[in-house]
Amino acid sequence: MTETNAAKPIWKTPFSIERANQLSEGCVNARLGIELIEAGPDYVVARMPVDERTKQPAGILHGGASVLLAETLASFAGAFCVDPKTQSVVGQEINANHLRSATGGFVTGTARPLHLGRRSHVWEIHITNDDGKLVCVSRMTLAVIDRPSTDRY
């Protein structure tokens, strides 16, 4: 990408990989080994191991684990695209097409926005295996909601 074609940053709060991974401690993201590893001007990348925590009994990556990775990426990305003092994001809908299995190593997800509106976001997440082959394509819709005022009284 040339300097003139570079994507304009979408983050209202500078995206912090360290902060996102810190927030994941003690919840399902950490328990499944999900780790955010990169953030660009308009995308976020995370990886997840394909191991006993994320496989189904047949020995392949569980589709629900792929969806959890996709939702983690879209939710963090959306949260950094709104003003955290006045707004938050919540999931409304997610879908996934599982295209190929994974049996080991890592899968890596990349989330990019399709739509960043005042009241909704739509994110597309591509999940690939260690060979860069597409494992899953997901799309998630987030509702942008107002945070309650803390100084009402």
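Modeller: Let me begin with the criterion for pairing: two strands pair if DSSP finds at least two bridges between them. Glu38 stands opposite Val45 in E2. Please bear in mind that this is a predicted model.

Colleague: What makes E1 and E2 a pair?

Modeller: The criterion asks for at least two bridges, and 4 bridges join E1 to E2, so the two strands count as paired. They run antiparallel. Besides Glu38 opposite Val45, Ala39 has Val44 as its bridge partner in E2. E1 and E2 form a hairpin, with 4 residues between them.

Colleague: How do you know that E2 pairs with E4 as well?

Modeller: The same test applies. There are 6 bridges between E2 and E4, and at least two are required, so this is a pair too. The strands run antiparallel, and Ala46 stands opposite Gly109 in E4.

Colleague: What joins E6 to E5, and what joins E6 to E3?

Modeller: E5 and E6 are joined by 9 bridges and run antiparallel; Ile125 has Ser138 as its bridge partner in E6. E3, residues 87-98, is joined to E6 by 11 bridges, again antiparallel, and Asn97 stands opposite Val137 in E6. Both counts meet the requirement of at least two bridges, so both are pairs. The hairpin of E5 and E6 has 5 residues between the strands, and Gly132 takes a positive phi near 80° there.

Colleague: What makes E2 an enclosed strand?

Modeller: Buried means under 20% relative accessible area. In E2, 5 of the 6 residues are buried, so the strand is largely enclosed by the rest of the structure.

Colleague: Why is Thr54 called buried?

Modeller: Its relative accessibility is 1%, which is under 20%, so Thr54 counts as buried. Thr54 lies in the loop between E2 and H3. Leaving aside neighbours within four places in sequence, Thr54 is in contact with Leu32, Met48, Pro49, Ile60, Leu61, His62 and Ala65.

Colleague: How do you know that Gln87 belongs in the buried class?

Modeller: Gln87 has a relative accessible area of 17%; the limit is under 20%, so Gln87 is buried. Gln87 is placed in strand E3. With neighbours within four places in sequence left aside, its contacts include Arg118, Arg119, Val144 and Asp146.

Colleague: Why is Thr72 called buried?

Modeller: Thr72 has a relative accessible area of 7%, under the 20% limit, so Thr72 is buried. Thr72 sits in helix H3 and, neighbours within four places in sequence aside, is in contact with Asn29 and Ile34.

Colleague: What forms the largest nonpolar core?

Modeller: It has 35 residues, and those with the most contacts inside it are Trp11, Phe15, Val107, Trp123 and Ile125. At least two residues each come from H1 (17-24), E2 (44-49), H3 (63-80), E4 (106-116), E5 (120-128) and E6 (134-146). H3 gives the most, with 8 residues. In soluble globular proteins, nonpolar side chains tend to be buried together.

Definitions and conventions
Residues are numbered from 1 along each chain as its sequence is written. This is a predicted model: local features need pLDDT of at least 70, side-chain atom pairs count only at pLDDT 80 or more; totals for chains, interfaces and linings use all residues. Side-chain values use heavy atoms; hydrogens and water are left out. A nonpolar core is a set of buried Ala, Val, Leu, Ile, Met, Phe, Trp, Tyr and Cys residues joined through side-chain atoms within 4.5 Å. Buried means under 20% relative accessible area, exposed over 50%, partly exposed in between (1.4 Å probe, protein chains only). Contact means heavy atoms within 4.5 Å.
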